[in-house]
Amino acid sequence: MQGLTCSTCHRHTSYYRRENEGVNLCKGCFKDSVERKVRRTISRWKMFSPADHIAVAVSGGKDSLTMLMILKKLSAKFKQTRITAVTVDEGIAGYREEAVDLAKAYCDKLDVEHEIVSFKELYGDGLDDFLRGRPERMTACSYCGVFRRKAINIGAKRVGATKIATAHNLDDVVQTYLLNLFQGDVERFARFNPVLRDPRGGFLPRVKPLCEVPEKEVALYGYAEGLTFQSASCPYMTEALRNELRTMLNRLELAHPGVLFSSYRAMTKLRALAEPGVPDSVLRSCRSCGEPTTLEICEACKMVGVSMDKLEVTA
Ligand code: SF4
Ligand code: ZN
Ligand code: ZN
């Protein structure tokens, strides 16, 4: 876009062309527009109230570091809102150490408190050790997803947070909507939302402040801010269907700019229509760890081998 002028300030050279709006933006106007979009998303979905203490889930990847930076900027304007970064260390050798170090360094730089919660501390083993010798009936991500969800909830409660912010961007959200549909999981489709408030209690509400920012804009914002983030992917990454969806959606967006936004809007409306038809399940406290679950023993405790028989023996 060399030589083109910013459509907003009409002074500086264009840094980025936002194809779906047909505008060219200089670096400053681009960053402003992303921050504005995040602010609008937060207020449209009523994600935070001024008294909230937000646990920002920071993995050390581009999305989470960018979100931390934007929320830190916004929290400077809303002085009562407190933020603390929470990082889950899954114990994946050669991958997670670098990300945890990056998360630590950025928290120091931004003067944000940082809490690290590890699989080892919660479940006795990091993911690598946990998977060793285990039959490959389930993928690493199936275990990791359950463990991570519980770990974030525990880490956030430990720092006294009232909400959890995760860095899912527009692309992630559209992929998840489609994944749930393609897998025939209507209940999950109906429950998936930029704001997850569990009316049954136990889980802290989860919000996705970047859910209306496309992945490439999140990455460009981070790049424009000079962020260094981990580029290596997790060695266990196996989500084949999600990867195919990502490729398909990227191709569609390139050929038909705006298709990602319009499908996001349509699916959020459809989701709201479907939600009342999904029965509420009852949440109780896990008999082993006390965390919320719909079962007697939570999924994570079951995965590490806790069973009712064992509980009764030790009781
Ligand atoms: Fe965990 Fe899978 Fe993500 Fe790796 S890719 S961090 S195993 S959920
Ligand atoms: Zn400009
Ligand atoms: Zn449990």
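His 10 is placed in the segment before β1. In this predicted model, His 10 has a positive phi of about 55°, although the residue is not a glycine. Most residues other than glycine have a negative phi. His 10 is exposed, because its relative accessible area of 60% lies above the 50% cut-off.

A positive phi also occurs at Lys 46, which is not a glycine either; the value there is about 45°. Lys 46 belongs to the loop between α1 and β3 (53–57). With a relative accessible area of 61%, Lys 46 is exposed.

For four tetrahedral donors, the ideal angle at a metal is 109.5 degrees.

Cys 6 and Cys 26 are both buried.

## Zinc site of ligand 3

The zinc ion (ligand 3) is held by the SG atoms of Cys 286, Cys 289, Cys 298 and Cys 301 as its protein donors, at 2.3 to 2.4 Å. The geometry of this site is tetrahedral, with angles of 102 to 115° among the four donor atoms. The sequence spacing of the donor residues of ligand 3 is C-x2-C-x8-C-x2-C.

Cys 286 is buried, with a relative accessible area of 4%, while Cys 289 is partly exposed at 34%. Cys 301 lies in helix α12 (residues 299–303) and is buried, at 5% relative accessibility. The C-alpha atom of Cys 301 is separated by 41 Å from that of Leu 252, a residue 49 positions away along the chain.

## Surroundings of ligand 1

Ligand 1 is surrounded by Glu 90, Leu 127, Cys 141, Cys 144, Cys 234, Tyr 236 and Met 237. Six residues of this shell are nonpolar and one is charged, with no polar residue among them.

## Aromatic contacts

Nine aromatic pairs are present in the structure. In one of them, the ring centres of Phe 119 and Tyr 123 are 5.4 Å apart and the planes stand at 75°, so the pair is edge-to-face. Both residues lie in helix α4 (residues 119–123), four residues apart, which corresponds to about one turn of the helix. Phe 119 is buried at 0% relative accessibility, and Tyr 123 is likewise buried at 13%.

Ring pairs join Phe 119 and Tyr 123 with Phe 130, Tyr 143 and Phe 147 in a cluster. A contact of another kind involves Phe 203: Arg 149 lies over the face of its ring, at 4.4 Å from the ring centre.

Key
Residues are numbered from 1 along each chain as its sequence is written. Chains are lettered from A and ligands numbered from 1 in the order in which they are written. This is a predicted model: local features need pLDDT of at least 70, side-chain atom pairs count only at pLDDT 80 or more; totals for chains, interfaces and linings use all residues. Side-chain values use heavy atoms; hydrogens and water are left out. Donors are N, O and S atoms within 2.8 Å of the metal (3.2 Å for Na, K and Ca); water is not among the atoms, so sites may look incomplete. Four donors count as tetrahedral if all angles lie between 85 and 135 degrees; four count as square planar and six as octahedral if opposite donors are over 155 degrees apart and all others between 65 and 115; anything else is irregular. Buried means under 20% relative accessible area, exposed over 50%, partly exposed in between (1.4 Å probe, protein chains only). A residue is near a molecule or strand if one of its heavy atoms lies within 4 Å of it. Ala, Val, Leu, Ile, Met, Phe, Trp, Tyr, Cys and Pro count as nonpolar, Asp, Glu, Lys and Arg as charged, and the others, Gly among them, as polar. Rings of Phe, Tyr and Trp (its six-membered ring) pair if their centres lie within 6.5 Å; planes under 30 degrees apart count as stacked, over 60 as edge-to-face and the rest as tilted. Helices (H or I, at least four residues) and strands (E, at least two) are DSSP runs, numbered from the N terminus. A charge sits over a ring if NZ of Lys or CZ of Arg is within 6 Å of the ring centre and within 35 degrees of the ring normal.
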